[in-house]
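Have a look at the sequence and the coordinates before reading on.

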Amino acid sequence: MKVICIGRNYAEHAKELNNPVPSAPVFFMKPDTAVLKDGADFYLPDFSNDVHHELEIVLKISKAGKHISEEFASNYFEEIGLGIDFTARDLQEICKSKGLPWEMAKAFDGSAPIGKFLPKKTWTDLNALHFHLTVNGETRQRGNTADLLFRFDQIIAYVSRFVTLKTGDLIYTGTPAGVGPVKIGDHLQGYLGDACLIEFSVK
Ligand code: ZN
């Protein structure tokens, strides 16, 4: 399986990092070795001094497809969950300033914790999903899919023009504003609506 991540998909987040709001989705990938499951601890890597949390809604792809049209995109995922797109912001700034790819900052081992997934039919409107992240009980990030620059169906259509989607692939749909550093001892909890779907500690 692979992890596909959408960058700069909430205008307020693009702004907080001084990035332009994109006219087409920006995407990058993480390998399967990035995935952390079942509440496993996240170990801060030694190559960064500024690892940021990015809480994101994650789509789990339920059947293979390429060149999927927006109209049929919703047939390609049945479950939704939450994940953290951990980002070594210091390394990413170096990559960005040199015009280099971001993998070093984004694709490292353990950089993609995922939580529980629920059937998408749990919610009546996927374009009005509220989600938020707490660190040690304090709210750090709040988002609502109403503010997505590119909605789930548009993301699937766009990405599948370039990359075949396969069953089990995960799509991180972008982070809202409020990203910031984590430190050893932090406890992260992500909520979709009122449901806590992801919870783990930083070691
Ligand atoms: Zn992200």
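## Ground rules

This is a predicted model, so local features need pLDDT of at least 70 and side-chain atom pairs count only at pLDDT 80 or more, while totals for chains, interfaces and linings use all residues. Residues are numbered from 1 along each chain as its sequence is written, and side-chain values use heavy atoms, with hydrogens and water left out.

## The zinc site

Three residues coordinate the zinc ion: E54 (OE), E56 (OE) and D85 (OD), at 1.9 to 2.1 Å. Donors here are N, O and S atoms within 2.8 Å of the metal (3.2 Å for Na, K and Ca), and water is not among the atoms, so sites may look incomplete. Along the sequence the donor residues follow the spacing E-x1-E-x28-D. E56 sits in strand 5 (residues 55-61) and D85 in the loop between strand 6 (77-84) and strand 7 (87-88), so this pair, 29 residues apart, links distant parts of the chain. Helices (H or I, at least four residues) and strands (E, at least two) are DSSP runs, numbered from the N terminus.

Both E56 and D85 are buried; that means under 20% relative accessible area, with exposed being over 50% and partly exposed in between (1.4 Å probe, protein chains only).

K30 lies in strand 2 (residues 26-30) and is buried, with a relative accessible area of 3%. What does the side chain of K30 join through a polar contact of 2.7 Å? The partner is the side chain of D85. A polar contact is a pair of N or O atoms within 3.5 Å; within protein, one must be able to donate a hydrogen and the other to accept it, and residues adjacent in sequence count only if both atoms are side-chain atoms. The backbone oxygen of S111 also lies 3.1 Å from a polar atom of the K30 side chain.

## Rings

The whole structure holds 9 aromatic pairs. Rings of Phe, Tyr and Trp (its six-membered ring) pair if their centres lie within 6.5 Å; planes under 30 degrees apart count as stacked, over 60 as edge-to-face and the rest as tilted. F47 and F108 are edge-to-face, 5.4 Å centre to centre with 75 degrees between the planes. F47 is in the loop between strand 3 (35-36) and strand 4 (51-53) and F108 in the loop between helix 3 (103-106) and strand 8 (112-119), so the pair ties together parts 61 residues apart in sequence. F47 is partly exposed at 40% relative accessible area, whereas F108 is buried at 8%. Elsewhere, F27, Y158 and F162 make up one aromatic cluster.

## Helix 2

In helix 2 (residues 89-98), R89, L91, Q92 and C95 are buried. They cover an arc of only 155 degrees around the axis, so they are on the same side of helix 2; the arc is that of the directions from the helix axis to the C-beta atoms. On the other side, S97 and K98 are exposed. After helix 2 comes G99, with a positive phi near 70 degrees.

## Q189

Q189 belongs to strand 13 (residues 187-192) and is buried at 18% relative accessible area. A polar contact of 3.3 Å joins the side chains of Q189 and E199.
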